[in-house]
Amino acid sequence: HPIGQFIVDFVCLEKKLIIEVDGSQHSEHADARRSQWLQKEGYQIIRFWNNQVLQQKEAVGDIIWTALNKPDNHPHPDPPPSRGREQEKTT
């Protein structure tokens with residue numbers, strides 16, 4: 001979905017929530033610049049690795065559901081890319 005000069009994987013415009021599904025082709029530097037701009041526009045960004053979405057569907061769904069149902073509409077910082085890797089190792 002296009003937002004400004006960027007295309008995001010999935011977005012809920014009403015909640016200003018972006019879901020990104022990343023593979024090894026993603027550049028952390030480019031993603032950081034992109035995330036910074038999107039957050040300034042009021043979007044919350046949640047990132048998952050491709051294999052998390054495929055192998056941990058219920059956990060990924062729970063994280064998205066929780067984000068969509070937060071009572072506040074304030075943007076939250078984009079978790080560092082290592083967050084997904086840590087979840088993958090501990091789950």
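Student: Which residue in E4 is the bridge partner of Cys12?
Tutor: This is a predicted model. E3 and E4 pair in the antiparallel sense, over 3 bridges. In one of these strands, E4, the residue bridged to Cys12 is Leu17.

Student: In what order do the strands of the open sheet run?
Tutor: The sheet is open and holds 3 strands, with mixed pairing. Its edge strands are E3 (10-12) and E5, each pairing on one side only. On average, neighbouring strands are turned by 15° against each other, direction ignored. The order is E3-E4-E5.

Student: Which helix packs on the sheet and touches E3, E4 and E5?
Tutor: Take H1 to begin with: H1 packs on the sheet and touches E4 and E5. The direction of H1 makes about 150° with that of E5. Another helix, covering residues 57-68, makes about 180° with E5 and touches E3, E4 and E5. That helix is H3.

Student: Do E4 and E5 pair in the parallel or the antiparallel sense, and over how many bridges?
Tutor: Look at Ile19, which stands opposite Ile46 in E5. E4 and E5 run in the parallel sense, and the count of bridges is 6.

Student: How many residues of E5 are buried?
Tutor: Check both faces of the strand. Gln44, Ile46 and Phe48 point one way, Ile45, Arg47 and Trp49 the other way, and all are buried. E5 is therefore largely enclosed by the rest of the structure, and the count is 6 of the 6.

Student: Arg47 carries a charge partner. Which residue meets Arg47 in a salt bridge?
Tutor: Side chains of opposite charge can pair when their charged atoms come close. Here the N to O distance is 3.0 Å, and the partner is Asp22. Asp22 lies in strand E4 and Arg47 in strand E5 (residues 44-49), so the pair ties together parts 25 residues apart in sequence. The residue asked for is Asp22.

Student: Are Asp22 and Arg47 buried or exposed?
Tutor: The cut-off for buried is under 20% relative accessible area. Arg47 has 9% relative accessibility, so Arg47 falls under that cut-off. Asp22 has a relative accessible area of 5%, so Asp22 does as well. Both are buried.

Student: How many salt bridges does the structure hold, and which residue pairs with Glu20?
Tutor: The total is 2. In the Glu20 pair, the closest N and O atoms are 2.7 Å apart. The pair links distant parts of the chain, strand E4 (residues 17-22) and helix H1 (residues 28-40), 14 residues apart. Glu20 is buried, as is its partner, Arg34.

Student: Which residues does Phe6 contact beyond its neighbours within four places in sequence?
Tutor: Phe6 sits in strand E2 (residues 6-7). Its relative accessible area is 8%, so Phe6 is buried. The contacts are His1, Arg33, Arg34 and Trp37.

Student: What is the phi of Lys16?
Tutor: Most residues other than glycine have a negative phi. Lys16 is in the loop between E3 and E4, and at 30% relative accessibility Lys16 counts as partly exposed. Its phi is positive, near 55°.

Definitions and conventions: Residues are numbered from 1 along each chain as its sequence is written. This is a predicted model: local features need pLDDT of at least 70, side-chain atom pairs count only at pLDDT 80 or more; totals for chains, interfaces and linings use all residues. Side-chain values use heavy atoms; hydrogens and water are left out. Helices (H or I, at least four residues) and strands (E, at least two) are DSSP runs, numbered from the N terminus. Buried means under 20% relative accessible area, exposed over 50%, partly exposed in between (1.4 Å probe, protein chains only). Contact means heavy atoms within 4.5 Å. A salt bridge is a side-chain nitrogen of Lys or Arg within 4 Å of a carboxyl oxygen of Asp or Glu. Two strands pair if DSSP finds at least two bridges between them. Axes are lines fitted to C-alpha atoms, for helices over the stretch in contact, and angles run from 0 to 180 degrees between N-to-C directions.
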